[in-house]
Every structure is written in C-alpha cells, then in structure tokens.
Amino acid sequence: CITEVRTPTGSEEVIEYNDGGHKFPGLDSRPSLPRVTDHRIDPGTGEEAIIKVKYAYSGNGSNNLHNFLGYNASGLIWEDNHLDNLYKVRSPYLYGTTESLMVGTQAVRTIERSFNRFHLLVEEKTTQNDHVRQVVTVYHAQENVDFDAQFGNFQLPRTVTSTWEVSNSGRRRQEVLSTEYDVYGNLVEQIQPNGVKQRNEYYPVNGETGMCPRDPEGFVRQLKQSTIIPADSAHGDPAPVLCTRYRYKTLAPLATLLNPWM
C-alpha cells in the first residue's frame, strides 16, 4: 500500500494503516484488507503539517461488525469472482466511516457517513464546535429484494432531508427535497423544499407521430413536457402554472465526416 508521496514543490503526504483492516466475510483466516487510518499533508516549508485527518470505520454507527466487503452479513462468504459480494446481501445492511480533522490531538471537525448494501450514502453528519449538519437520503431501492430484481431507478434518491442545528440551543432548521423517478431512471416529479413542484412526462419508446420519432436505441428518454407548479401562498393570487412542451425530429447524418483541420 502507498505510504508516502513527495511532490516537486517539496510538500509531502504520509498515509498510515494503523488498525486491523477490513475483514472478509466468512474468511477470518484470510488477511484483512488494509485501510487508511491517518493522512497527513506537510507543506514542506518547515511549518507544522497543515492537514491531518484520521479515519475510523464502523458499521451501523456504533460497532465494528460491518464493512464495505460485507463482513458479518448473514450467510455471506467471500468469493473471488470479480463481483461485488455485498450485492448478494438481501437484508438491510449498513456500514460507516468517521473522518476527523485534527488540530494537535483534538478533533475540530468530524464527518460520519453511513452506506447501505449498494454502497449508497444514506447519511452524512458533520459536526464542528456546536454546529451540526445532517443529510439523510432515502433511495428507490427495495429492501429484501435481490440486486438483479431491483428497478433501474434503485440508486436514485426518493427524499433528501437536510438538517442544521446548534446543539443545546433549540435552533434547528430542516429541508426536504422529494424526487420520483420512473423505472427507466427519468425524473417524473420533484418537490423542492419551498413547495415548488416539477412534473415531467416522456414520450414512449415508439414515439408519437409528428411529435417524436421512435428512439433508435429503445430507450424512454425524450422529454414530452415539463410542468412547474408554484407553491401554495397565502399572500395574493397564486403564481401561474408553467408548462413547456417538446417536439423532436430525426435528422439525416452528414454524408461525409468534416475534418476540422482542413
């Protein structure tokens, strides 16, 4: 594993691996996969290292039983088949990391991240002094369903909830962004935190006569219309609903390629 990088300008990066590493599921006898625990960047001007980051690894935010290899997943035994073994897990599974920015021996900022069985970031919590920012993402992925049986939108977010607060002050703010995607991964509805809605409609794969030709690759992807619906308001008349419609036409390819250098 790489442990040191030196640049022509004199700066230096040092990477350390000071824990037991990631264990492989069902193979405790196999050497663990090393993982970075300390990353230090020295500007090379005689000053103290300006960036020092420590990393800790955990599962479910409270223990060291889970990792991104699928360790401690029920019934999972690691296979060297060039595939992601964690994708074979059906039950809910979380693993996490904690990144700490250090000043001396004191952590001045920490970022805690949790990931699901598809390696999607489901929660990120940043803490600095008494200020906390938390982002929680819910995806379209279906629990207890195999990877191969997931719809094409399973990696796309359904809701993103962002929260800001100052500890022990009662000051708290929360925003929710909601999105819906069809099984092809097209955005069909988005509700912004301020209540404004966007609804999209797409042409079918065979198109519509005079409006959109058939998609040559067999995809549903051509936007037919997009409607913006304003948020409710208690002050005056509501803003108008805006709808934009789209039409498409197939163009013949050029007979010859154009050389930009001639």
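How many of the 262 residues of this protein count as buried, in percent? The answer is 28%. Keep in mind that this is a predicted model.

Start with the overall layout. There are 0 helices and 14 strands. From the N terminus on, the elements read β-β-β-β-β-β-β-β-β-β-β-β-β-β.

Now the dimensions. Along the principal axes, the C-alpha atoms fill a box of roughly 65 × 55 × 55 Å. Take the contacts with a separation of 6 or more: 37% of them join residues 24 or more positions apart.

Next, the surface. The accessible area of the protein is about 17,400 Å². Carbon and sulfur atoms hold 52% of that. On charge, we have 26 positive and 32 negative. Their mean positions sit 5 Å apart.

On to the interior. In soluble globular proteins, nonpolar side chains tend to be buried together. Here, the largest nonpolar core has 7 residues. They are Ala73, Leu76, Leu86, Val89, Tyr93, Tyr95 and Phe115. Look at Phe115 in particular. Leaving aside neighbours within four places in sequence, Phe115 contacts Tyr93 and Tyr95, and also Leu94, Thr97, Leu120, Leu121 and Val122. Tyr93 and Tyr95 are themselves members of that core.

Now turn to strand E9, residues 157–166, and find Val160 there. Is Val160 buried or partly exposed? Val160 is partly exposed, because its relative accessible area is 22% and buried means under 20%. What does Val160 touch, beyond residues up to four places away in sequence? The partners are Val135, Val136 and Thr137, plus Glu175, Val176 and Leu177. Take Glu175 from that list. Val160 and Glu175 are 15 residues apart in sequence, and their C-alpha atoms are 8.2 Å apart.

Last, two histidines with positive phi. His82 has phi near 65°, and it is not a glycine. His82 is in the loop between strand E4 (51–58) and strand E5 (95–103). His82 counts as exposed, because its relative accessibility is 83% and the cut-off is over 50%.

His119 also has a positive phi, about 60°, and again the residue is not a glycine. Where does His119 lie? In the loop between strand E6 (106–115) and strand E7 (121–128). His119 is partly exposed, at a relative accessible area of 24%.

To recap: 14 strands, 0 helices, a core of 7 residues, and a positive phi at His82 and at His119.

Methods. Residues numbered from 1 in each chain as written. Predicted model: local features only at pLDDT ≥ 70, side-chain atom pairs only at ≥ 80, totals over all residues. Heavy atoms only, no water. Core = buried A, V, L, I, M, F, W, Y, C linked by side-chain atoms within 4.5 Å. Buried < 20%, exposed > 50% of the residue type's maximum accessible area, 1.4 Å probe, protein only. Contact = heavy atoms within 4.5 Å. Helix = DSSP H or I, 4+ residues; strand = E, 2+ residues; numbered from the N terminus. Areas by Shrake-Rupley, 256 points an atom, 1.4 Å probe, with all protein chains shown as cover. Lys, Arg positive; Asp, Glu negative; His and termini not counted. Charge placed at Lys NZ, Arg CZ, Asp CG, Glu CD.
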